[in-house]
Structures are given as C-alpha cells and as structure tokens.
Amino acid sequence: MATSAHHPLRASAPAELDAATLRRAFGAYPTGVVAMGALRGNEPVGFAASSFVSISLQPPMAAVSVARTSTTWPRLAGAPVLGLSVLSSGQGALCRRLASREGNRFDGVAWKTTPEGAVLIEDAALWLTARVSATYDGGDHEIVLMELLTAELFSGVEPLVFHTSQFRELTPHG
C-alpha cells in the first residue's frame, strides 16, 4: 500500500490532546457496541459500551473500559456472570437507551437471563457470557478483564457500528 506525506482530508494542524479533541479523535475509529448486563435482585441492570475488545483466544478473554463515573458498573461488578450482547444494526435506539442516565433502561426491551443471572438482549448479533477476572487502572476509566464462558453467534445478523457519534451499517467492499 503506497503512502504519501500529503493527506488530502487533513483539515487542520495537529491539536492539543484535551478531552474534547481526544473524544473526536477516538470517534474516527468505528467500533461495535456491547450491552453488558446481569440480574441484580430481580431486575436487569446494564449499560452499553463501545470500548469492548477481544483480548485472547486461549484462554478466551475480552475487556471493556468503564467510566469511573458510572453508577451502573458498581452494581454489576459483583455479579457472578455478566451477559454481553453485541448489538445488531437495528438496535441504535436501544443502544441510546442503554447508554442513558435517565429512566428505566430495560423498559420495553426484549431480554432473557441465563441460570447464572446474565442478561442477554434479544435480536443481538452475538451473545457472550463472562466472569470478571481482574480490573486495572485506566485513568478516568476502569479496565475490566473478563474470562469468556459461552458464545452464541447469530449468523446473518449485522452488528451495530458506532462511528463519529452516529450509528452506521456495514456494506461489503468489493
């Protein structure tokens, strides 16, 4: 692949790395979105995160970064098993609801629970269950390393893609 010192889309000189600039910069990197949830008492508790990443195949591990300001993560952290639902392309509104700090996040949401209490969102592209292995300091976030226990992939279901603060759809490149 040829490279050039000239980048035709560069609009300005490099910016200082303040939080707003860095948020825009990270927004240039498309990500999937995962809903993380578990039953606490008899109610589903969870949130949406775009900071989900695979870590290892052997042993099976993944991680998510959770803001230290989250009021939901402390409620989930002690759950024996967490449900991870990779949201599908039609679930943008659901994602916004799960990311909201207002109202009941699960009102009107189709979900199921495993015997261990992991909450999984219906019509997702992928379901995983996981157990927290360790947490690490990540500045204003906590990095949560998880041991993956199960996986159920739904073939033909396209994932939700988050890019530049918008939901997008994948199209094959050909």
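Reader: Why is Phe 154 called partly exposed?

Author: In this predicted model, Phe 154 has a relative accessibility of 24%. The term covers values between 20% and 50%, so Phe 154 counts as partly exposed.

Reader: Is Trp 127 buried or exposed?

Author: The relative accessible area of Trp 127 is 8%. Buried means under 20%, and Trp 127 is therefore buried.

Reader: How many aromatic pairs does a search of the whole structure find?

Author: The search finds two aromatic pairs.

Reader: What makes the pair of Phe 106 and Trp 111 edge-to-face?

Author: The ring centres lie 6.4 Å apart, and a pair requires centres within 6.5 Å. The planes stand at 75°, whereas edge-to-face calls for an angle over 60 degrees. The pair is therefore edge-to-face.

Reader: Why does Phe 106 count as buried and Trp 111 as partly exposed?

Author: Phe 106 has 8% relative accessibility and so counts as buried. Trp 111, at 30%, therefore counts as partly exposed.

Reader: How do you know that Trp 127 and Phe 154 form an aromatic pair?

Author: Their rings are 4.9 Å apart, centre to centre, against the limit of 6.5 Å. With 85° between the planes, this pair is also edge-to-face.

Reader: Why is the pair of Trp 127 and Phe 154 said to tie together parts that are apart in sequence?

Author: Trp 127 belongs to strand 9 (residues 126-138), while Phe 154 lies in the loop between strand 10 (141-153) and strand 11 (161-163). The pair therefore ties together parts that are 27 residues apart in sequence.

Reader: In the open sheet of seven strands, what is the order, and what makes a strand an edge strand?

Author: The order is 3-2-6-9-10-5-4, with antiparallel pairing. Strand 3 (43-49) and strand 4 (52-56) are the edge strands, as each pairs on one side only. From one strand to the next, the twist averages 35°.

Reader: How do you know that strand 2 and strand 3 pair?

Author: Seven bridges join strand 2 (residues 34-40) to strand 3, and the two run antiparallel. At least two bridges are required, so the strands pair. Gly 37 stands opposite Gly 46 in strand 3. Helix 3 (residues 92-99) lies across both strands, at about 105° to strand 3.

Reader: Why does Ser 56 count as partly exposed?

Author: Ser 56, found in strand 4, has 23% relative accessibility and therefore counts as partly exposed.

Reader: Which backbone oxygens lie 3.2 Å and 2.7 Å from a polar atom of the side chain of Ser 56?

Author: The backbone oxygen of Gln 58 lies at 3.2 Å, and that of Pro 59 at 2.7 Å.

Methods
Residues numbered from 1 in each chain as written. Predicted model: local features only at pLDDT ≥ 70, side-chain atom pairs only at ≥ 80, totals over all residues. Heavy atoms only, no water. Phe/Tyr/Trp six-rings, centres within 6.5 Å; stacked < 30°, edge-to-face > 60°. Buried < 20%, exposed > 50% of the residue type's maximum accessible area, 1.4 Å probe, protein only. Helix = DSSP H or I, 4+ residues; strand = E, 2+ residues; numbered from the N terminus. Axes fitted to C-alpha atoms, helices over the stretch in contact; angles between N-to-C directions. Contact = heavy atoms within 4.5 Å. Polar contact = N/O pair within 3.5 Å; in protein donor to acceptor, adjacent residues only side chain to side chain.
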